[in-house]
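Please read this note beside the sequence and the structure. The points below go through the helix packing and the aromatic residues in turn.

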Amino acid sequence: MAERKITIIVRMGKKLKKEGEKITTSPEECEALRKAFSGPHGAEEKSMLEILVKCNPADLTTFRKNSPYIFLDDEYCFEKWDPFHMKSLEIKFMRFQVSISERAVIQRTMHPWERDALLVRKSLEEKPPLYNLLIELACTRTSDEFLGARKAFQCLYSESVEEFVAVKVQGFHRRLLVALVSTYRYEGMRIDEAAIKLECQKLARAIKTDHRNEIENDDEVLRILTTRSKHHLKTIHKCYKEDYDSNLEEDLDDIQILRDTVNCLCAPPAIYFSKILDTAMSICPAEQEMEALTRVIVTRTDVDMKDIAAEFDRKYGAPLIERIEAAALGNYRDFLVALVKRGMAN
């Protein structure tokens, strides 16, 4: 079957409203979206994509709450996909040869807690496991956001994230990852200047030892990285650069899991996610990298896409939209481009 070409138009109309105000979809558009997901003749691709691009988080919440045959209310106060309906939709996508990635469409409609819970599960069920994905989820979300994902995980799988990680991972990796997914970090700006200097020295001593096992078994390294606030850790990162004339993550280059942790906690999110996007659109990306392209664009559209796009342009010398157009195909490409444009307009 020939691919159906669809042009997705992002109708921004007047200037976007100020933060805190809602841009709502009409009841007719919500009904069209429900029909797109439940129609007997397969997914109505055109209406689905145009409305999904237009929707802001409040619109998507309203859609989920008013679609009881597609989403189920949970005891933890979030709306989760009906698993039977999700499976049915995936079959429809395959049967009618819809070119858009069903993963991108489903992730766009999901409650963020459910979406992150599914990604947590995926991170350790892949072969080999994606420790970097689990670290990204635990370290780039706010404390409340990841707490919500932990609640959703319990609802979906009848076990805690901590249990799941502890069973799947061994040794130092287990100690670090269980601690990262368990913490609820302070998110204010208060820091302890004396502790900054002391903990910077502790990290330096552990890193500069000749024995890798010493840093992996250093309880102070684990405590600092898994309990301190992000603002505190960013200040340590700056102190380390000033005192030792090198970046903390560079000196951890041979311990990838610690390097990834420092990158996620200390680098500005725009720098971290622009790097993920660049890798995802490399010349011969693997399936996991293309999934990362979907994940970053869908999850960051309504968060900080404007900053990510600006950083991508600055660092890699090409507009993010142009790179997506060169790397992706068909309606999947158009959907991602439209989401980026929406995010950049916020």
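1. A crossing of two helices is called left-handed if the near helix is turned anticlockwise from the far one by less than a right angle, and right-handed if clockwise. Helices (H or I, at least four residues) and strands (E, at least two) are DSSP runs, numbered from the N terminus. This is a predicted model, in which local features need pLDDT of at least 70 and side-chain atom pairs count only at pLDDT 80 or more, while totals for chains, interfaces and linings use all residues. Residues are numbered from 1 along each chain as its sequence is written, and side-chain values use heavy atoms, with hydrogens and water left out.

2. The chain as a whole contains 21 helices and 2 strands. Of its 346 residues, 50% count as buried, where buried means under 20% relative accessible area, exposed means over 50%, and partly exposed lies in between (1.4 Å probe, protein chains only). If one takes the contacts (heavy atoms within 4.5 Å) between residues at least 6 apart in sequence, 70% of them join residues at least 24 apart.

3. Helix 10 (residues 171-182) packs with helix 13 (residues 219-227) at an angle of about 25°, their axes being 9 Å apart; axes are lines fitted to C-alpha atoms, for helices over the stretch in contact, and angles run from 0 to 180 degrees between N-to-C directions. Helix 10 is therefore roughly parallel to helix 13, given that angles under 35 degrees count as roughly parallel, over 145 as roughly antiparallel, 65 to 115 as roughly perpendicular and the rest as oblique. The crossing of helix 10 with helix 13 is right-handed. On the side of helix 10 the contact involves Arg 175, Leu 176, Ala 179 and Leu 180, which meet Asp 219, Leu 222, Leu 225 and Thr 226 of helix 13. Sorted by class, this contact has 5 nonpolar, 1 polar and 2 charged residues, with Ala, Val, Leu, Ile, Met, Phe, Trp, Tyr, Cys and Pro counted as nonpolar, Asp, Glu, Lys and Arg as charged, and the others, Gly among them, as polar.

4. Helix 10 also packs with helix 7 (residues 131-140), here at an angle of about 30° and with the axes 9 Å apart, so that helix 7 is roughly parallel to helix 10. Helix 7 passes helix 10 in a left-handed crossing. Tyr 131, Leu 134, Ile 135, Ala 138 and Cys 139 of helix 7 meet His 173, Leu 177, Leu 180 and Val 181 of helix 10, and this contact has 8 nonpolar, 1 polar and no charged residues.

5. How many aromatic pairs does a search of the whole structure find? The search finds 10, where rings of Phe, Tyr and Trp (its six-membered ring) pair if their centres lie within 6.5 Å, and planes under 30 degrees apart count as stacked, over 60 as edge-to-face and the rest as tilted. One of them is the tilted pair of Phe 78 and Trp 113, at 6.0 Å centre to centre and 55° between the planes. Phe 78, in the loop between strand 1 (71-73) and strand 2 (79-81), lies 35 residues from Trp 113 in helix 6 (residues 112-125), and the pair thus links distant parts of the chain. Phe 78 is buried at 1% relative accessibility, whereas Trp 113 is partly exposed at 22%.

6. Helix 16 (residues 256-266) has 10 of its 11 residues buried, so this helix is largely enclosed by the rest of the structure.
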